[in-house]
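I opened this structure for the first time today and kept notes on what I looked up. The entries follow in the order in which I made them.

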Amino acid sequence: MSTLIDQQLLTAVSDEARLASRRRKNRNFHPADDYPGHRLLNGIEPDSYVMPHCHFDPHKDESILCLRGRLGVVLFCPSGAVDRSIVLEPAGEVVGIDIPHGVFHTVLALVSGTVFFEAKAGPYVPLSIEERAAWAPAEGTPEAAAYLAVLHRLFA
């Protein structure tokens, strides 16, 4: 059965993100974690911290399209220095990005109600220690909120 990605669905995902403890929520279109192609919506709020990471698997390039709100994307050098920060907006100059495997990155909502579409190869495999940026605080740590504030300043 086909699923429409309409304003009602975007609102539902956004509402779920606002209520979630991590302040983000995904809605998968793929039927299972072991499915070969992952397609999903991500609702994310400005106070949600996504630890910088990369995907070393050469099949795990990641495509992101902003469908609602404003999404900041930060690309990093392996050392942790910011290489580039990009704003994605549905009606903006840039609406999406394709991130090659091996590139450290993170995303952050710049306004409440942000929703983006993500596609990458499955199956789902948790990030390895090497894929998590050693120079960034882990999610849920006291340092994460301060680091997120630094990332937000890149877009001020």
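**Entry 1: a glutamate and its surroundings**

I began with glutamate 45, which has a relative accessible area of 2% and therefore counts as buried, the cut-off being under 20%. I note here that I am working from a predicted model. Looking up its place in the chain, I found glutamate 45 in the loop between strand S2 (37–44) and strand S3 (62–68). Leaving aside neighbours within four places in sequence, I listed the residues in contact with glutamate 45 as Ser14, Ala17, Arg18, Arg23, Ala109, Ser112, Gly113 and Thr114. For glycine 113 I also noted a distance: its backbone nitrogen lies 2.9 Å from a polar atom of the glutamate 45 side chain.

**Entry 2**

Next I traced the open sheet, in which five strands follow the order S1-S2-S8-S3-S6 with antiparallel pairing. At its edges I found strand S1 (24–28) and strand S6 (96–99), each of which pairs on one side only. Ignoring direction, I read that neighbouring strands of this sheet are turned by 20° against each other on average. I then looked at S1 and S2, which pair in the antiparallel sense over five bridges, and I saw that asparagine 26 stands opposite asparagine 42 in S2. Helix H1 (residues 7–19) packs on the sheet, where I found it touching S1, S2, S3 and strand S8 (114–121), and its direction makes about 140° with that of S1.

Which residues of helix H2 (residues 142–153) are buried? I found Ala144, Tyr147, Leu148 and Leu151, and because they cover an arc of only 105° around the axis, I place them on the same side of H2. On the other side of H2, I noted Pro142, Ala145, Ala146 and Arg153 as exposed. Looking for what covers the buried residues of H2, I found that strand S4 (71–76) and strand S7 (104–109) are included.

**Entry 2: aromatic rings**

I ended with the aromatic pairs, of which the structure holds four. The one I examined joins phenylalanine 104 and tryptophan 135 edge-to-face, at 5.9 Å centre to centre with 65° between the planes. This pair links distant parts of the chain, as phenylalanine 104 is in strand S7 and tryptophan 135 is in the loop between S8 and H2, 31 residues apart. I noted phenylalanine 104 as buried, with a relative accessible area of 9%, whereas tryptophan 135 is partly exposed at 26%. Finally, I found that ring pairs link Phe76, Phe104 and Trp135 into a cluster.

Definitions and conventions. Residues are numbered from 1 along each chain as its sequence is written. This is a predicted model: local features need pLDDT of at least 70, side-chain atom pairs count only at pLDDT 80 or more; totals for chains, interfaces and linings use all residues. Side-chain values use heavy atoms; hydrogens and water are left out. Helices (H or I, at least four residues) and strands (E, at least two) are DSSP runs, numbered from the N terminus. Buried means under 20% relative accessible area, exposed over 50%, partly exposed in between (1.4 Å probe, protein chains only). A polar contact is a pair of N or O atoms within 3.5 Å; within protein, one must be able to donate a hydrogen and the other to accept it, and residues adjacent in sequence count only if both atoms are side-chain atoms. Contact means heavy atoms within 4.5 Å. The arc is that of the directions from the helix axis to the C-beta atoms. Two strands pair if DSSP finds at least two bridges between them. Axes are lines fitted to C-alpha atoms, for helices over the stretch in contact, and angles run from 0 to 180 degrees between N-to-C directions. Rings of Phe, Tyr and Trp (its six-membered ring) pair if their centres lie within 6.5 Å; planes under 30 degrees apart count as stacked, over 60 as edge-to-face and the rest as tilted.
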